Amino acid sequence: MDKIYTSMGLMSGTSLDGVDVSIIKSDGKREYSSILDRFFEYDRKLVKKALKIRDKISNFEGLITHLDEIKALEKDITLFHAKAVNETLNTSKSDIDLIGFHGQTIFHDPKKKISKQLGDGKLLSQLIKKKVVYNFRQNDLDNGGQGAPFTPIFHNALANKIYKKFDLRFPINILNIGGIANITSTVNWKDLWHKKKIYAYDIGPGNCLIDEWIRNNSKKKYDKEGLIAKSGKVDQLILNQAIENFTGNFDYEKSLDVKDFDIFFAKGLSLENGAATITEFTGKLIAEGMNLVSGNQWLVCGGGRKNKYLLESIKNNFSKIKLDLIDEYEIDGDFIESQAFAFLAIRSLKGMDISFPSTTRCKESISGGIISENF
């Protein structure tokens, strides 16, 4: 029997709201159970600094030009993660074997083979006195991959756990609405590789445009439950033009970054009408991307699942769909990605594949991540 590891995963998404911390037990294969999930909110000063740096870096040269600022911010973010880890360890009785540290993405360009996540794995290991796995994406990029999405192999573990307990039928598809929206088409473990493959795609914006619009035009951080959008009216002319401009240059074989989109098309609209138009734009693109895979059973996770107006838009644009919150199947939809990086850390430690040609478009299935024991 394979060893069961107790692993912690750390994830900070593009929303820049804070750090998700999860502890799981798993063999990195089919055995998986959730132990603990916690959220640590960034302070406003750190969020402001991170947004400022991210906005400055529009190309590779920006990483060099702003290197000193980036290093200072990276230290601050690493120290924040260390505090979150130590606080979690102090309140948890779990003996952690290793930690999967994703870091805070500020730049992603597969063409340049660069995906920059702020977070010093060596420093984190030194501060928390634990084995840390970090820089998960670089090996995939170096081998022709897009560096994303990275959660599909974990999505498959979740789908199989749900399948066993709730007797759902494959194909079970997972829609993750984070800053970017991505999908995974899962398969029964017994059918994996020799008969069927896991497929995954980035399919468009998730929360990124909606959040940016709300931040820029109000004092709120996001549109809670989509209530602002619901109170507005979609500008159909602007919407149609925006979709035409976007889809003409879109390739589902490529990964996406929040900087691949902007809210300029909604300029001049009121807060409410802009939110309604941008949310409908997002919903239409997500629905279109979901057509890439077969099956009508969908489970939705990520922060965007809480935007009821967005979910209604997706359903209206994708007929004959069963779209359930993953929470309805005893999985907390807020912590999928932090649990995923705990899972990926175990696979990295064991030298197991974490990215695949059918998920990230890498040349062959490969492992990844750097392991640090700096204590």
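The side chain of Thr279 reaches the backbone oxygen of Ala275 at 2.6 Å, a polar contact (a pair of N or O atoms within 3.5 Å; within protein, one must be able to donate a hydrogen and the other to accept it, and residues adjacent in sequence count only if both atoms are side-chain atoms). This comes from a predicted model, where local features need pLDDT of at least 70 and side-chain atom pairs count only at pLDDT 80 or more, while totals for chains, interfaces and linings use all residues. Residues are numbered from 1 along each chain as its sequence is written, and side-chain values use heavy atoms, with hydrogens and water left out.

Thr279 belongs to helix α10, residues 271–290. Helices (H or I, at least four residues) and strands (E, at least two) are DSSP runs, numbered from the N terminus. Leaving aside neighbours within four places in sequence, Thr279 is in contact (heavy atoms within 4.5 Å) with Ile210, Ala229, Tyr309, Leu310 and Ser313.

Two other residues are worth a visit. Thr360 sits in the loop between α12 (336–349) and β12 (370–372). Not counting residues up to four places away in sequence, Thr360 touches several residues, among them Asp140, Gly147, Phe150 and Ser355. Lys224 is in another loop, between α7 (208–217) and α8 (227–230). Its C-alpha atom is separated by 30 Å from that of Ser115, which is 109 residues apart from Lys224 along the chain.

Which of these residues are buried and which are exposed? Buried means under 20% relative accessible area, exposed over 50%, and partly exposed in between (1.4 Å probe, protein chains only). The table gives the answer.

| Residue | Relative accessible area | Class |
|---|---|---|
| Thr279 | 0% | buried |
| Thr360 | 1% | buried |
| Lys224 | 56% | exposed |

Now for the whole protein chain. Its secondary structure comes to twelve helices and twelve strands, and buried residues make up 56% of the 375 residues. Among contacts between residues at least 6 apart in sequence, 72% join residues at least 24 apart.

How does the radius of gyration agree with that of a compact globule? For 375 residues, such a globule would have a value near 21 Å, and the protein chain has 20 Å, which agrees. The radius is taken over C-alpha atoms, and the globule rule is 2.2 Å times the number of residues to the power 0.38. Along the principal axes, the C-alpha atoms fill a box of roughly 60 × 50 × 40 Å.
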